[in-house]
Amino acid sequence: MKHPTSSIIAALALSTLGNSVCNAFTSVASNQRPSTATWMSEPSNTPATLVSQAAFVYGIDVLKADMGLEIIPEDQKPMYAIGKLEAELPLELVSGIRFSDCESVTLISQVRQDVVDATGLSSLDTIVAIRAGNDGEGNYAYYSDVRESSIQNTAQAFTEAINFAMANSLPSIELEINRLVPMMPSQEDL
């Protein structure tokens, strides 16, 4: 993976369409490099590593409740898609991410701006896979699937990937991220 590339793949559109927009999603800086959106029905060489939408929404609700923020009522939640982001995280930026244990998933609760600019990561993303040591053909010397894992398992895999990269003089680790994206009705549907 070349430095830094990201693509968001709209993967699932589930739940019910409401009248309200989810304000839980933190947008990424406007100077971020362009993303490409593709539907999962298109052929892909890589299988999608996706979290359950119900677990993702519940995890965000847990984090919002812990922060004292208003939770969107069930009957007002929008339809969601789960996006996939692959990000190369340089080792000098690994301390710029904070995790939160949200019962059903581990979410990224805080991201320093330099990490956002370099990778496209955002608050409320969840890490589903951590990799290091790409051989150029899609094989990794270190790989851990942390989809819907506890904060302890996610942090352990994150640390192991960093240690592997350092021991092998690699400049970065790779993170596969899921992002909950609220879907908006078209003007024709209104």
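In this predicted model, a salt bridge joins the side chains of arginine 131 and glutamate 86, with 3.8 Å from N to O. Arginine 131 belongs to strand 7 and glutamate 86 to strand 4, so this pair ties together parts that lie 45 residues apart in sequence. Arginine 131 has a relative accessibility of 6% and therefore counts as buried, since the cut-off for that term is under 20%.

Glutamate 86 has a further partner: its side chain also meets that of lysine 84 in a salt bridge of 3.2 Å, N to O. Lysine 84 likewise counts as buried, at 6% relative accessibility. Through shared partners, salt bridges join Lys84, Glu86, Arg131, Glu174 and Glu176 into one network. Arginine 131 also lies over the face of tyrosine 140, at 5.1 Å from the ring centre.

Side chains of opposite charge can pair when their charged atoms come close. The structure holds nine salt bridges. One of them links lysine 77 and aspartate 61, at 2.5 Å from N to O. Lysine 77 sits in the loop between helix 1 (53-66) and strand 4, whereas aspartate 61 is in helix 1, so the pair ties together parts 16 residues apart in sequence. Both lysine 77 and aspartate 61 are buried.

The discussion now turns to the nonpolar residues. In soluble globular proteins, nonpolar side chains tend to be buried together. The largest nonpolar core here has 26 residues, and those with the most contacts inside it include Leu89, Ile97, Leu121 and Phe158. At least two residues of this core come from each of strand 4 (80-90), strand 6 (106-111), helix 2 (113-119), strand 7 (126-134), helix 3 (151-167) and strand 9 (172-182). Helix 3 supplies the largest share, five residues. A second, separate core has 16 residues, among them Ala55, Val57, Val105 and Leu180.

Phenylalanine 158 is buried, with a relative accessible area of 7%. The structure has one aromatic pair. In it, the ring centres of phenylalanine 99 and phenylalanine 158 are 5.4 Å apart and the planes stand at 90°, so the pair is edge-to-face. Phenylalanine 99 lies in strand 5 (residues 97-101) and phenylalanine 158 in helix 3, so the pair ties together parts 59 residues apart in sequence.

The mean pLDDT is 77, and 73% of the residues reach 70 or more.

How values were computed. Residues numbered from 1 in each chain as written. Predicted model: local features only at pLDDT ≥ 70, side-chain atom pairs only at ≥ 80, totals over all residues. Heavy atoms only, no water. Core = buried A, V, L, I, M, F, W, Y, C linked by side-chain atoms within 4.5 Å. Buried < 20%, exposed > 50% of the residue type's maximum accessible area, 1.4 Å probe, protein only. Helix = DSSP H or I, 4+ residues; strand = E, 2+ residues; numbered from the N terminus. Phe/Tyr/Trp six-rings, centres within 6.5 Å; stacked < 30°, edge-to-face > 60°. Lys NZ or Arg CZ within 6 Å of the ring centre and 35° of its normal. pLDDT = per-residue confidence, 0-100. Salt bridge = Lys/Arg side-chain N within 4 Å of Asp/Glu carboxyl O.
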